[in-house]
Amino acid sequence: MSQIIEAMTHQQELLGKLQLLLDSELQLISSRDAEALINLVNEKQTLLDEIQQQDQKIASLYSTVSPEDAAFVAAKEKIQHQVEDCQYRTQINATAVEQGQLRLEHLRSLIMEVRAKESLTYDKAGKKKAGPKGGGVKA
């Protein structure tokens, strides 16, 4: 019985670390620090692997505990709450990444629009015509 509670307590600690990493990830997404973000993602992957291993250990010990045991139920509920919180934070981070990509796409379209305006010329009839800037002089 104590083995599964110890394993679940360790899982809670790992999930707590994951929550902190997800907070740091959001800050790095906001600051657009790509190198630090890559390092954090690698660290997060290692932590997720550890969480998965711990989950398998808990699963192997599950048959040794009574599902009605108060300590087990409390630890299980806390872990479930932490997992839900990590999922929520992951959704927030995904939304932040998507918004950042949308901002970059908007900026790119603005730059393309400015370039198009710079290359705007007029034809013989005085109508606007997009074309290469300074097409050259023919003699």
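Buried here means under 20% relative accessible area, exposed means over 50%, and partly exposed covers what falls in between (1.4 Å probe, protein chains only). The model is a predicted one, with local features needing pLDDT of at least 70 and side-chain atom pairs counting only at pLDDT 80 or more, while totals for chains, interfaces and linings use all residues. Side-chain values use heavy atoms, with hydrogens and water left out, and residues are numbered from 1 along each chain as its sequence is written.

Start with Q12, which sits in helix 1 (helices are DSSP runs of H or I with at least four residues, numbered from the N terminus). Its relative accessible area is 14%, so Q12 is buried. Setting aside neighbours within four places in sequence, Q12 is in contact (heavy atoms within 4.5 Å) with A75, K78, I79 and Q82. With A75 there is also a reach from the Q12 side chain to the backbone oxygen, at 3.4 Å.

S30 is also part of helix 1, which runs over residues 2–31. At a relative accessible area of 55%, S30 is exposed.

As for aromatics, Phe, Tyr and Trp rings (six-membered ring for Trp) pair if their centres lie within 6.5 Å, with planes under 30 degrees apart stacked, over 60 edge-to-face and the rest tilted. One aromatic pair turns up by this rule. The ring centres of Y62 and F72 are 5.7 Å apart and the planes stand at 55°, so the pair is tilted. Y62 lies in the loop between helix 2 (34–61) and helix 3 (70–118), and F72 lies in helix 3, 10 residues away. Y62 is partly exposed at 38% relative accessible area, whereas F72 is buried at 3%.

Methods: Helices (H or I, at least four residues) and strands (E, at least two) are DSSP runs, numbered from the N terminus. A polar contact is a pair of N or O atoms within 3.5 Å; within protein, one must be able to donate a hydrogen and the other to accept it, and residues adjacent in sequence count only if both atoms are side-chain atoms.
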